[in-house]
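Q: Could you walk me through the side-chain contacts in this one? I'd like to start with the core and then jump around a bit.

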Amino acid sequence: MKKKFNILCVTMFAVIILYVAGGVTYSGVIAYHMIKQAAGMTVTDKEKLKNNIEIFDNTKYTLCTVSMIPYNIFGNKETTIENTLTGEQTQIMPVKSMIFVKGANKTSWATDTAMTATGLIVLVADIFFLCYLIMFIRNVRRHEIFEWKNVKLLRRMGTALIAIFILSVMTEWILCAVASGIFAPKGYLIDWITPVSENILLLGIGIAAMIMGEVFSCGLQMREEQELTI
């Protein structure tokens, strides 16, 4: 039994490591291609690049990252992208996009502060969750399974995951609110639902952890009542 538990724990941590490594690898691949592209640029290309980089100037443009839902599927034919396999322009429907709206950054200091605060709280909650998880696994390996400290750990893990879900959705909704105020794409709706569906697994796992905590709690109460009866 202990061997199976160890295998499951190793698998779980491998999944976490792969998840983090995936994000790091993605960023690394993008950085590699950017450096490679910059190394092969001519003077003309560099001049064009300066104009492209200007869109990242928040005194001239407002940057938003939002999901969009096309509601006029048969009428949206404005967006195309080059298919490098055929060299042809292929029509696409942007679903999640980075949008640069001309004009000074229209996000208020309150919005920026809220975004930064929620991001930091999510990071702290992630760290707490991992600490609680490691402590729970350590207790089980020591054969300290049906203990009140494990009930507390399960409840705290559930609370941390639910908090991460709520704050992650709030962050995405803040971006949607900012985008809705400055951007109205033809044939598309700003998608407020995807942030929930993308993070809903966190909510499910958090509730499951709290249910497990309550099951442990009921079992411990029954054991204590039986001990008192005896």
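Q: What does Phe-129 touch, not counting residues up to four places away in sequence?

A: Leaving out residues up to four places away in sequence, Phe-129 touches Met-157, Ala-160 and Leu-161, where contact means heavy atoms within 4.5 Å. This is a predicted model, in which local features need pLDDT of at least 70 and side-chain atom pairs count only at pLDDT 80 or more, while totals for chains, interfaces and linings use all residues. Residues are numbered from 1 along each chain as its sequence is written, and side-chain values use heavy atoms, with hydrogens and water left out.

Q: Which residues touch the most other members in the largest nonpolar core?

A: That core has 19 residues, and Phe-129, Leu-133, Phe-136, Leu-154, Met-157 and Ile-164 touch the most other members. The elements giving two or more residues to this core are α3 (109–141), α4 and α5. A nonpolar core here is a set of buried Ala, Val, Leu, Ile, Met, Phe, Trp, Tyr and Cys residues joined through side-chain atoms within 4.5 Å, and buried means under 20% relative accessible area, with exposed over 50% and partly exposed in between (1.4 Å probe, protein chains only).

Q: Val-101 is in a strand, I think; which face of β4 is covered?

A: In strand β4 (residues 96–102) the covered face holds Ser-97, Ile-99 and Val-101, whereas Lys-96, Met-98, Phe-100 and Lys-102 make up the uncovered one. Helices (H or I, at least four residues) and strands (E, at least two) are DSSP runs, numbered from the N terminus.

Q: How many bridges are there between β1 and β4?

A: Strand β1 (residues 61–70) pairs with β4 in the antiparallel sense over 7 bridges, where two strands pair if DSSP finds at least two bridges between them. Ser-67 stands opposite Lys-96 in β4.

Q: Switching to charges, how many salt bridges does a search of the whole structure find?

A: The search finds 2, with a salt bridge taken as a side-chain nitrogen of Lys or Arg within 4 Å of a carboxyl oxygen of Asp or Glu. In one, the side chains of Glu-144 and Lys-149 meet at 2.6 Å, N to O; Glu-144 is partly exposed at 24% relative accessibility, and Lys-149 is partly exposed at 39%. In the other, Glu-214 meets Arg-155 at 3.0 Å, N to O.

Q: Where do Glu-214 and Arg-155 sit in the chain?

A: The pair links distant parts of the chain, with Glu-214 in helix α5 (residues 194–229) and Arg-155 in helix α4 (residues 148–182), 59 residues apart. Glu-214 is partly exposed, with a relative accessible area of 39%, and Arg-155 is partly exposed at 30%.

Q: How many aromatic pairs does the structure hold?

A: It holds 2, where rings of Phe, Tyr and Trp (its six-membered ring) pair if their centres lie within 6.5 Å, and planes under 30 degrees apart count as stacked, over 60 as edge-to-face and the rest as tilted. Phe-128 and Tyr-132 form a tilted pair, 5.9 Å centre to centre with 35° between the planes. Both residues lie in helix α3, 4 residues apart, about one turn of the helix.

Q: Which residues form the other tilted pair?

A: Phe-146 and Phe-216 form a tilted pair, 5.2 Å centre to centre with 35° between the planes. This pair links distant parts of the chain, 70 residues apart, with Phe-146 in the loop between α3 and α4 and Phe-216 in helix α5.

Q: Buried or exposed, for Phe-216?

A: Phe-216 is buried, with a relative accessible area of 12%, whereas Phe-146 counts as partly exposed at 47%.
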